[in-house]
Every structure is written in structure tokens, then in C-alpha cells.
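Please consult the sequence and the structure shown here while reading.

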Amino acid sequence: MLKVQVFTFNVFSENTIILWDEDSKESAVIDPGTSSVEEENILTDFIESKKLKVKYLINTHCHIDHILGVKFVKEKFKTVYFAPEKDVPLLEHAQQQAMMFNITLEKPPLPDNLITEETKLLLGNSEMKFLFTPGHTPGEYCIYFEQEKICITGDVLFNDGIGRTDLWGGNYDTLINSIETKLLTLPDDVIIYPGHGEPSNIGFEKQHNSFLV
């Protein structure tokens with residue numbers, strides 16, 4: 001069975017998500033936003049308490065609030081790092097992003113592998129599929145577990161909200177197209193875990209999201 005744990009970290013109230021297979025203990029850390037030793041300890045203590053094996057580190061996109069903990073997680077757990085190719089420039093300019101918010105950040109590593117829609121990863125028997133959903137950033141992907149009806153939506157689709165498009169590389173029409181063609185076409189009972197705020201489901205967002213109805 002696939003399990004999900006959400007931690008809200010840093011000054012941006014970003015959701016750092018851990019997914020794991022209950023039987024094999026294989027896990028993935030999605031969008032690590034740890035920005036202090038205290039937050040790093042919270043994440044580490046949880047992983048160690050559950051005896052998880054961190055198989056993957058994945059960024060849905062590479063805005064500053066989602067990459068603050070990349071260096072820590074990569075070095076601490078010696079895991080394989082995946083990120084979108086079109087967001088690599090955001091990673092390469094991570095320190096400039098940080099300076100805009102008066103944040104000190106050590107340069108994060110570049111990804112070991114680049115995400116495409118052909119990328120398929122396993123946690124135990126649970127398969128991750130990647131849906132290309134640009135608009136908030138040029139390269140963002142959502143992570144979909146079809147059998148488990150779970151979708152990690154990053155900063156594309158929120159509980160009664162959508163991602164900002166006034167940041168570097170954002171485009172409103174592209175974002176709406178991504179949501180309509182890649183997310184709202186999923187079954188209504190798919191649970192979404194966004195990059196900020198509370199979970200929701202596709203059916204609720206189709207009916208009630210004030211940005212989409």
C-alpha cells in the first residue's frame with residue numbers, strides 16, 4: 001500500500017511530500033523545502049522512524065521554495081535525483097532566486113536524471129507516471145499513481161486555486177491548458193496533494209475551483 005506524509009516547511013509554507021510503499025519501505029521525497037536544521041531533523045526523524053529507504057528525490061519544478069532542501073536530502077540519503085529538464089535553469093540560478101527573498105542557499109546539485117512523460121518509477125509495486133504540466137514554470141510535471149488514485153500536483157493545481165504565472169517562465173494560458181488536458185481528465189476520485197495548502201480531489205476542483213468554473 002502506498003502511504004503519503006506531508007510536511008509544511010519554510011517561510012513559503014511549502015509542502016514537502018514523502019511517498020512510500022508500506023511493504024518494501026521504498027520511498028520518494030518530493031519537493032524538499034527544508035530550510036533549517038530543525039526542519040531537516042523533522043524530515044530525517046520521520047524517515048528513520050518509519051525505516052524508509054529513500055530511493056528517489058524528485059522535483060515537480062524548481063522554484064526556490066521547492067528546492068531549499070535538495071542538497072540536504074541528496075547528500076543525507078545518497079538518493080537518485082530527478083528534475084524537469086526545462087527547469088534546470090532555475091536550479092542553476094538557485095542562489096539568485098534565494099537572493100530575491102534574502103535567503104542564503106548553498107548551490108544545489110543538478111539532477112542525476114531528467115523527467116520526461118516516458119519516465120516511469122516504482123515504489124514497491126506502485127508505479128509513478130509523470131504528466132507534463134507547464135505554465136507555472138516551463139518544465140513542471142505532476143506525479144500520478146493511477147492504481148492508487150493519487151496525484152502530486154506541485155504548484156499547478158491547488159485546493160480551490162491554481163499556480164501563479166507572474167514568476168519566471170510562467171504563462172497563464174499554458175497553465176490552464178495543462179490543468180484542463182492533463183489533470184481535469186483524471187477520474188473524479190483522484191486525490192491531489194498540492195505544493196501548498198490542503199489536499200483535495202479532481203471532482204471537487206472540477207465543480208468548485210473558482211479559477212476554473
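## Cysteines

A disulfide is a pair of cysteine sulfur atoms within 2.5 Å. By that criterion, a search of the whole structure finds zero disulfides. The model is a predicted one, in which local features need pLDDT of at least 70, side-chain atom pairs count only at pLDDT 80 or more, and totals for chains, interfaces and linings use all residues. Residues are numbered from 1 along each chain as its sequence is written, and side-chain values use heavy atoms, with hydrogens and water left out.

Burial is judged by relative accessible area: buried means under 20%, exposed over 50%, and partly exposed in between, with a 1.4 Å probe and protein chains only. Cys62 is buried at 0% relative accessibility, and Cys142 is buried with a relative accessible area of 0%.

## Nonpolar cores

A nonpolar core is a set of buried Ala, Val, Leu, Ile, Met, Phe, Trp, Tyr and Cys residues joined through side-chain atoms within 4.5 Å. The largest such core has 26 residues, and those with the most contacts inside it are Ile18, Leu43, Ile47, Ile67 and Val73. Helix 3 (residues 70-77) supplies the largest share of this core, four residues. Apart from it lies another core, of 19 residues, including Ile30, Ile115, Phe130 and Tyr141. Helices (H or I, at least four residues) and strands (E, at least two) are DSSP runs, numbered from the N terminus.

Contact means heavy atoms within 4.5 Å. Leaving aside residues up to four places away in sequence, Leu43 touches Phe7, Phe9, Thr16, Ile18, Thr34 and Val73.

## Helix 1 against helix 3

Two packed helices are described by the angle between their axes and the distance between the axes. The axes of helix 1 (residues 37-49) and helix 3 come within 11 Å and cross at roughly 35°. These axes are lines fitted to C-alpha atoms, for helices over the stretch in contact, and angles run from 0 to 180 degrees between N-to-C directions.

Which residues meet between helix 1 and helix 3? Glu40, Leu43, Thr44, Ile47 and Glu48 of helix 1 meet Phe72, Val73, Lys76 and Phe77 of helix 3. The residues of this contact divide into five nonpolar, one polar and three charged. Here Ala, Val, Leu, Ile, Met, Phe, Trp, Tyr, Cys and Pro count as nonpolar, Asp, Glu, Lys and Arg as charged, and the others, Gly among them, as polar.

## Exposed loop residues

Most residues other than glycine have a negative phi. Lys78, although not a glycine, has a positive phi of about 50°. Lys78 lies in the loop between helix 3 and strand 5 (80-84) and is exposed, with a relative accessible area of 68%. Asn102 also has a positive phi, near 55°. The loop between helix 5 (94-100) and strand 6 (113-115) holds Asn102, which is exposed at 75% relative accessibility.

Lys51 is placed in the loop between helix 1 and strand 4 (53-58) and is exposed, with a relative accessible area of 65%. Lys86 occupies the loop between strand 5 and helix 4 (88-92) and counts as exposed at 53% relative accessibility. Beyond residues up to four places away in sequence, Lys86 touches Phe132, Pro138 and Gly139.

Is Thr133 buried or exposed? Thr133 is buried, with a relative accessible area of 0%, and is found in the loop between strand 8 (126-132) and strand 9 (141-145). Its contacts, not counting residues up to four places away in sequence, are Glu140, Tyr141, Cys142, Val156, Ser178 and Lys182.

His136 is found in the loop between strand 8 and strand 9 and counts as buried at 3% relative accessibility. His136 and Gly170 are 34 residues apart in sequence and 4.7 Å apart in space, C-alpha to C-alpha. Among the residues that His136 touches, not counting those up to four places away in sequence, are His61, His63, Asp155, Arg164, Trp168 and Gly170.
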